[in-house]
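Student: Could you walk me through this model, starting with the strands and then moving out to the whole chain?

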Amino acid sequence: MNRRALLLAPLGVALLAGGGFWEMLAGMRKGTFNPRGVPSPLIGKRIPAFSLPGFSDTDLVTGKPLLVNFFASWCVPCVEEHPVLMDLKEQNIPVWGIAYKDKPAATDMFIARHGDPYFRLARDEPGRVAIDWGTTGVPETFLVDGQGIIRWHFALPLTPETVDEELMPLWRKVA
Amino acid sequence: MIPELGHFALALAVAIAVGQAALPLWGAYRRDARLIAAAPALAIGQFIALATAFGCLIWSSVTDDFSVRNIAENSHSLKPLLYKITGVWGDHEGSILLWCFILAICGAAVATFGRNLPSSLRARVIGVLGATACGFELFALLASNPFLRLWPPPIDGRDMNPLLQDPGLAFHPPILYIGYVGFAVPFAFAVAALLEGRIDAAWGRWVRPWTLGAWCCLTGGIALGSWWSYYILGWGGFWFWDPVENASLLPWLTGTALLHSAIVVEKREALKTWTVLLAIGTFSLSLSGTFLVRSGILNSVHSFANDPTRGVFILGLLALVIGGSLLLFAFRAPVLASSGLFAPISREGALVLNNILLCSIAAVVITGTMYPLFADLLFGQKISVGAPFFNATVLPLAVPVFGAMSIGPVLSWKRAALGPALIRLWWAALAALAVGLIASLRARALPALCFGASAWMIFGALAELVERIRLFRVPFRGSIARLAGLPRATYGAMLAHAGLGVTIAGIAGMSLAADTISLVKPGDAVQLAGYEFRLLDLRDGLGSNYTSRIADVRVSRDGREIATLSPSRRTFTTQTMTTTEAAIHTNGIRDLYVVLGDERDGAAVLRLHDNTFAPWIWFGALIMAAGGGLSLLDRRLRIGAPVRASRVLAAAE
């Protein structure tokens, strides 16, 4: 190999790596690249078919994006997450709630005590629908776009930081 | 007032850095003696400005000035004084300021101790350091300013991450940063040499002490970090191949290679281009490590205060520093002609082998660390690369390094014969074989091999000493005279090589470790590896900013009490976070390690470890760093010594 080319090689490698990092940072800002996230196999797929007391999968395809939040009255992190959901409601972001393995009376008590952040509410008492959605527990939140495609899955309680840094950039993109 | 003073000092430092970058470099290019002479004063001015800024930040932290955002977010009035001081560099803004401060110390050190450098070389080195400092100080000032005020000030601060409130971690960042940033000096020397278009033996002699100093601190910093994760994270492990750990290991590997190739430049005037590239590469890896940790790109337990916007700024800086220097390298490196020729079997040959192997290990570690990120970016695949990959790829490369480490130093320069060198090491080889065989009775094959390798390194270093003083071959008195006459650098190298042997023995020993988890009621006992651990009591304790739950565990062997250990769990009230404080009893050869887990129905979960040879891991790293320090004290490397000696001679005449 030509000596000059050999001496240029380190620069080339550094430039390639730098370009890659640039792309990653740009992706992180747009929310398309998340090195931390554990991917949900459902992202980019259509929501699973279901029919629950409250609403069914066809109701979720509204032409506009929305959030689907799995919660339960017996779950302590859900209480922690609750104010964030109330904030989202104030920002006119519709959150569709699905109560997971919860007695209807208990769910109603929970909402009466803490306030109702939900646009509409469905009840998944046997917890089967949650399995189809691939949740591992509660609370978990999904972003579903206007065509019923799942865009984002967050398997922890929402925090204001997550909303600002992860959810809102995506929301602006799909809205 | 004080924070504003610090803010002003930081801005002043940027202004001085611009001058420090521009004037000496321009002066050296135009051969303007006045501009060249301005370099040291600018470097010292830079140091004073940053020392003021740093001092102001510490002052604000110690006096609990919560109107400073950075302190409100990371401090608390109840935090112990030590952590108020060390907490200054516990967060992103403060650590960047520390980074800049250390860079300024390096510049001032070159200005002060570099009096015997040719003035244009010194001006260029200081100029390059100034240009680097300028970028990072701008970053501190514009994108992560630690002096920004907060209005209205909160009544009390949000407190620091409790995991960081630990003496081991308090001093980990400064030592590690001195290591990282210290490599800026060899980098500046390399860039200055490219600008000058000349590298000679003297260049190698000037670069070595700086490299050595940075290397010692990096070794110490890595060891301290690993020790911290050993005793505070409470998993009983010491190295997790975590991306942030790898980011510190990479400059260490290439820095070690640089240390050895600089010897070849000094003694034989060969490998010049390669050494310059290594110097640039080592600092580039240090910088990239800082960048990757801060940008949030790397997924790690260690990352803090990460933010993609800051990442873009740092990436731009890296592009300038690394890209610029590599571009310069591509165009100017052909000027650096090497003159020394040597045979493959020679001291130089061994050092080249060392370089090839160390850089291969570095390449493997880079690949393992970066591959998941790039696979995610390019192919959208989520994969994780963990310990099995690193263990399987690093070890086959490390074993030849261990093998060559004892042989290299006994080879002669230029041309050597392998046979006689090996004959001189016969008893070290025999001892290594014996240790390996004994170890294979209890350990699996790989650890046994490592035990053998570590014995080879330790006895090899000893054999080199015996060889050099011609023990048993010349009269004993002659040997003693030779012992006293050996240069400190030789002792330092032997010590460092033996130190690595000790560390490797410690790592291999971890494979013999035994552990158990059990639910124990007060008064009950658990047996592990011949020791009896009896839970005496569970009690509550109170610290200055935490409450703790403490277990008292009496350890005994054959009815003889050895120690009472008190592992605890601390709950920090402000941040509602719990940390585990493992209790460790060490006798220098094995660690008995107890962690307190959850409690249920009056019983507590205790995790017990018996870690044979574990303390040797850090003990060996200390020996390595001490070896580096001893080399640094060598007369030949003592900066300024030749000048003083020649002045004394001139005065005598």
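This is a predicted model: local features need pLDDT of at least 70, side-chain atom pairs count only at pLDDT 80 or more; totals for chains, interfaces and linings use all residues.

Student: In which sense do strand β1 and β2(A) of chain A pair, and over how many bridges?

Tutor: Strand β1 (residues 66-71) of chain A pairs with β2(A) in the parallel sense over five bridges, where two strands count as paired if DSSP finds at least two bridges between them. Within that pairing, N69(A) stands opposite G97(A) in β2(A). Helix α3 (residues 76-90) of chain A carries the chain from β1(A) to β2(A), and this β-α-β crossover is right-handed, a term that applies if, with the strands pointing away from the viewer, the path from the first strand over the helix to the second runs clockwise. Helices (H or I, at least four residues) and strands (E, at least two) are DSSP runs, numbered from the N terminus.

Student: OK, and which residue of β3(A) is the bridge partner of G97(A)?

Tutor: That partner is L121(A); β2(A) and strand β3 (residues 120-124) of chain A run parallel and are joined by five bridges. The chain passes from β2(A) to β3(A) through helix α4 (residues 104-114) of chain A, again in a right-handed β-α-β crossover.

Student: How many residues of strand β2 are buried?

Tutor: Six of the six residues of β2 (residues 95-100) of chain A are buried, buried meaning that 20 or more other C-beta atoms, placed from the backbone, lie within 10 Å of the residue's own. Both faces are covered, with V95(A), G97(A) and A99(A) on one side and W96(A), I98(A) and Y100(A) on the other. Across the 175 residues of chain A, 33% count as buried.

Student: Switching topic, what is the radius of gyration of chain A?

Tutor: Taken over C-alpha atoms, the radius of gyration of chain A is 20 Å, whereas a compact globule of 175 residues would have one near 16 Å, by the rule of 2.2 Å times the number of residues to the power 0.38. Along the principal axes, the C-alpha atoms of chain A fill a box of roughly 80 × 30 × 25 Å.

Note on methods:
Residues are numbered from 1 along each chain as its sequence is written. Chains are lettered from A and ligands numbered from 1 in the order in which they are written. A residue is buried if 20 or more other C-beta atoms lie within 10 Å of its own, exposed if 12 or fewer, and partly exposed in between; C-beta atoms are placed from the backbone.
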